[in-house]
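I opened the notebook to look up a few points in this structure. The entries follow in the order I made them.

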Amino acid sequence: MITIFLKVIYIFLIVGINLFIGSYVVNKLAARSEHRRGFTAGRAGGFGYPVLKMFKYLEKDTKLTIWEFLLLFFSFFIWAIIPFSPWLVLIRFDADLVIALLFYIILLFLFLVNSSRSSYGMIFQNASKKILMTFTFLIPVFLSMASLILINRTLTLKEIVGFQYQYWNIIYQPLGFIVFFTYAVVQVKMFGLSKTNIIFYNENIEKEGSGFGWLTLRVANYIMLFFIIVLMIILYLAGWQNLYFIDGNILFGLKFYIIFFIILLLDRATPAISDYRYLVSINWKFMIPLSAANFLITILFFILRNIYNLI
Amino acid sequence: MRPVIRDFFSGFGNLFRKPRTAVYPKEKIIIPDNSRGIPRLKLDLDSLEIICNGCGDCARICPEHCIELKKTVEDGKEILEEFCIDLGKCIFCGNCIEFCTLSAIEMTYRHQLADTNRDAFRYEKLDLIKQADYQIREFWTK
């Protein structure tokens, strides 16, 4: 019982500290890449500013709707099945990759519903468009995951990490990794970390959602990005496996922040997406063909090896 | 794809460069050259008298009509008696300097003018002569 309690505290700490650092880094990186300063208030280079900002939101409004409450709940509950290290996982499943994806889809759905609910009919109509848009982006992710599962022959995240003790999955599945990485970048572009994207946010978000509800939305936004990065590390970059003499847990954090930095810099380097057609073209002209090709190559490899014994 | 890669690396390089914005009261920067601040009345360095003879060209050319002046004639020579600029109206366009035939006015680098009293923006002849302290391009000064 105590170990479970300890694990919960550890996971909360990991997520909380990374949320704090993430929100600080997002602001500072966005500012410094444009020769600005970013946070300056709150002592020590504005390091206390995310906390001040949290209190600023809470000061305005502390009411929560049911959707926002579910969003907040799931953004922390989603980490219950993700293993940060071989022992730091709350609930163990045989097929926890599927459960993780299911939780991610639930979080995505709640996020979209929350950003689309309004008394205005026009915004409500846009909701279906948004949901369709975001869920078609999951097709290439599923395809690249399917080819990964074909190689590793397991649905357990821990075993997938164990499989990579010698060679990382990125060597076997470089195209799949590219698709996954593109999905993470597109997700940041869609939901907007450093600036709000008008496509995927409610039109009256600044007026009505400036309190606790807006804070939950921001937290969910960060959590979804963190989740995709952690999943990417576990699936393709060998998770907590040691590399020569470097400890695996330190490597996990290093990989996380390197990918986080690259995604944020790419977010700054690419123009803001203000049209559905760009997203459609990214998905159907780049991600889906790439992932389909990756899947076909993997299947072809197994057919040639297992059925015809050619390889 | 090429502009994205270029912007990616330029953004990455900017992380290690000094930011161009200044945290105003803490940090001070040098004012850019030829920036326009409060006008000042020049003195003749030999006789230490005002060069301006009160011809009134500056008052006529001023788009905001913020210059008021008065001249007298002493011993057949025109002398400036009163000169007043209302900086509450002044837009710092620099027309008065440009059209002055004797180049008797010059712009200083002083530009921080916040005050609670509106009359404090009316600068008389003596005040404008005193602005000579601010003709050097210096740090932000009050």
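Where in chain B is the place of Asp75(B)? I traced the chain and found Asp75(B) in the loop between β2 (67–74) and β3 (77–86) of chain B. I noted that the model is a predicted one.

**Entry on Asp75(B)**

I looked up the backbone angle next. Asp75(B) has a phi near 55°, which is a positive value in a residue other than glycine.

**Entry on Phe92(B)**

I found a positive phi again at Phe92(B), about 55°, although Phe92(B) is not a glycine. I placed Phe92(B) in the loop between β3 and α3 (95–99) of chain B. Phe92(B) counts as partly exposed because it has 14 C-beta neighbours inside 10 Å. That class lies between the limit of 12 or fewer for exposed and the limit of 20 or more for buried.

**Entry on the two chains**

How many residues of chain A are in contact with chain B? I noted twelve residues of chain A, in contact with twelve residues of chain B. On the side of chain A that touches chain B, the elements that give two or more residues are α1 (2–32) and α12 (248–269) of chain A. I wrote down that α12(A) gives the largest share of that side, four residues. I sorted the residues of this side of chain A by type and got four nonpolar, four polar and four charged.

Terms used: Residues numbered from 1 in each chain as written. Chains lettered and ligands numbered in written order. Predicted model: local features only at pLDDT ≥ 70, side-chain atom pairs only at ≥ 80, totals over all residues. Contact = placed C-beta atoms within 7 Å. Nonpolar A, V, L, I, M, F, W, Y, C, P; charged D, E, K, R; others polar.
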